[in-house]
Amino acid sequence: MSDRVIAALRKEARWLSKRADAKPDWMVRETYYNPRIENAYQCPSCFIRFDRRSELDSFPTGTRDDGLECAVCGADFIIAAP
Ligand SMILES: [Zn+2]
């Protein structure tokens with residue numbers, strides 16, 4: 001996990017910023033969203049929507065896919081295994 005996770009989190013951030021209910025500042029934040037700071041993955045939902053940095057924790061998916069969840073906003077992300 002890493003490049004694949006970063007790509008998936010970026011994609012999520014892009015998707016959020018293009019939603020019909022997205023605010024103009026969401027699109028601005030999408031341009032400087034950093035999916036990983038040091039070794040911690042950052043929640044795209046918290047950053048894009050609330051300008052908040054929240055670290056994601058991994059959780060077991062029961063499959064080869066990786067799971068990441070945010071304890072702050074409750075978002076979870078499944079990153080498909082290659
Ligand atoms: Zn979050």
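A bit of housekeeping. This is a predicted model, where local features need pLDDT of at least 70, side-chain atom pairs count only at pLDDT 80 or more, and totals for chains, interfaces and linings use all residues. Residues are numbered from 1 along each chain as its sequence is written.

**The sheet**

Helices (H or I, at least four residues) and strands (E, at least two) are DSSP runs, numbered from the N terminus; two strands pair if DSSP finds at least two bridges between them. On those terms there's an open sheet of 3 strands, in the order E3-E4-E5 and with antiparallel pairing. Its edges are E3 (56-59) and E5 (76-79), each pairing on one side only. Neighbouring strands are turned against each other by 30° on average, direction ignored; axes here are lines fitted to C-alpha atoms, for helices over the stretch in contact, and angles run from 0 to 180 degrees between N-to-C directions.

| Hairpin | Residues between strands | Glycine with positive phi |
|---|---|---|
| E3 and E4 | 6 residues | Gly62, about 80° |
| E4 and E5 | 5 residues | Gly74, near 85° |

E3 and E4 pair over 4 bridges, and Phe59 has Gly67 in E4 as its bridge partner. Strand E4 (residues 66-70) also pairs with E5 over 4 bridges. There, Asp66 is bridged to Ile79, while Leu68 stands opposite Phe77.

**Faces and core**

Call a residue buried if 20 or more other C-beta atoms lie within 10 Å of its own, exposed if 12 or fewer, and partly exposed in between, with C-beta atoms placed from the backbone. Helix H1 (residues 3-17) lies across E4 and E5, running at about 130° to E5.

A nonpolar core means a set of buried Ala, Val, Leu, Ile, Met, Phe, Trp, Tyr and Cys residues joined through C-beta atoms within 7 Å. The largest one has 14 residues, and Leu9, Ile48, Leu56, Leu68 and Phe77 touch the most other members. H1, helix H3 (44-50), E4 and E5 each supply at least two residues of this core, with H1 giving the most, 4 residues.

Conventions:
Contact = placed C-beta atoms within 7 Å.
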